[in-house]
Amino acid sequence: VFALPLMDVAVREVEALGLDPARFRAFYEDALPRIYGYFLHRCGGSVPVAEDLSQETFLASVDELKKGRRPETPIPWIYGIARHKLLDHYRKQARAEQPLADAALAFEASAFPVQDDGGRERAVAALAAVPASQRTALVLCYLDGFTAAEVGGELGKSTAAVHSLLERGRESFKRAYLEVEL
Amino acid sequence: VSSVDPVVRLLADLDHPASPRVEFQNELLARLLAELEETMGRTPEAQASARSNGWRARVLRAVRRRPGRTMLAFAAVAVAAAAALFVSSPWKTAPGFLEEVQAALTPPPGRILHVKWDHIFTSKDPACTSTGRHEFWIDTTPPHRYRAILPLPPDPANADPRRLPCVRGTPAEVGGDLGKPNLRFVLPNRLVFDRPLYFPVEQDPWAFAREMISEGRAHREGTTQLDGRTVERVRFDPPDSCPAPAAGHCPTEPEYGYFDPETLYPVAWDYARDPMFPLWRNRERYLAYEYLPRTEANLALTDIRAQHPEASGP
């Protein structure tokens, strides 16, 4: 009756994700909170930005499926797509040279779902206030778990340049964390 | 940089799922499914029609869960409807045993369904048996708040699927509103967003059994003894054919329901179910089955936040 927690897991995991709507729906319900949270916490708690980037990510995933891609590990796969969308977003911000004050305005405290810990809200706001190039390094290294060398490869920078970005990023983050008003 | 660097610690603490707006979830899902189904050769218009039509949406949902049963249900209902033009059903005037079972398995509105059961897996290859204790409370009134205590299976990314029936799982308490991301309680006192449940907590979990009775696939086999008590046994026959295994679960052999002779509430359910793993057997042994009134105390049983008022988290 309460069919099969274990079997369901097994069946879902041994099948690659494809065009089947039922399987895609299950995948979507599992992945959306993760991907949405991924963007929300990396983009200053801005609901519109998190929704836009989540939508772009899932549309890109469907495009891949329509082209015949059949990922056997769909969650890591869509995180990869999301990471590229996030980097594109950061690059656009960097080109616009968004000033600290503007970035801080993107934070929507009322819409942020985590309310237990003011420290976390403050951290989200502070991260959004860090200049985009430094923020990219912080996110990729400290949230996504990449090494400085891997981040350098992704950004087209030397490992030393990434370390420099991280150093300045931590300082920017600390300053913003102390200054930000919720 | 040390891992105790406060910046690193603060940033690492940001990596959590979050719950998007329901409207956003639904609109994006509709768009994605329309794109997928268009690729599969179906018309977007048909999909839009199905989404906008309540009963069709429910049927699609049923197909997703139990495609074999539901496909047969369509045929059976059509045949039954035609036959009804010429033959009157005998239980129209005198409710029979199976019709009373249907009534007992229908959650009354404005109640809280409480079910507690042991799920006993038996596998021949690999040879093992495991038992998992499950319990849930669900409000039959929208938004169908629920709370469940169950053994979560291991992370499938790190598990051998064929050994899954041999593991007991990790006891966990989860809850939320049906269809939304669920919360899980973690020690010492915190609520976190969790992956979706892999068993269907529903406000009406026996709808499929009532459907099989309506289709004429249920047969009363009389009383028998089960764990020292007298119960009524009902055989539920599988459909004549199943779609391809990848399309979903479909029974290929009879399932057996055992019911209390007085209340007709379920006592146990035996089934095999999955064509990909034919050597697995399941018995659900119900330890509690009841429809509770919607008192404040009982509603709190459905509410994971009410059970952990001091917990931190979303």
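Local features need pLDDT of at least 70, and side-chain atom pairs count only at pLDDT 80 or more, while totals for chains, interfaces and linings use all residues. Residues are numbered from 1 along each chain as written, chains are lettered from A in the order written, and side-chain values use heavy atoms, without hydrogens or water.

**Confidence**

pLDDT is the predictor's confidence in each residue, from 0 to 100. Chain B has a mean pLDDT of 73. In chain B, 68% of residues reach 70 or more. Over residues 42–94 of chain B the pLDDT is below 50. Where pLDDT is low, the predicted coordinates should not be read in detail. For the complex, the predictor gives an ipTM of 0.77 and a pTM of 0.48.

The side chain of B:T302 reaches the backbone oxygen of B:L299 at 2.6 Å.

**Rings**

Rings of Phe, Tyr and Trp (its six-membered ring) pair if their centres lie within 6.5 Å, and planes under 30 degrees apart count as stacked. The whole structure has 17 aromatic pairs over all chains. A:F173 and A:Y177 have ring centres 5.9 Å apart and planes at 25°, so the pair is stacked.

Charges also sit over rings (NZ of Lys or CZ of Arg within 6 Å of the ring centre and within 35 degrees of the ring normal).

| Charged residue | Ring | Distance to ring centre |
|---|---|---|
| A:R135 | A:Y90 | 4.7 Å |
| B:R233 | B:Y256 | 3.9 Å |

Conventions. Contact = heavy atoms within 4.5 Å. Polar contact = N/O pair within 3.5 Å; in protein donor to acceptor, adjacent residues only side chain to side chain. Phe/Tyr/Trp six-rings, centres within 6.5 Å; stacked < 30°, edge-to-face > 60°.
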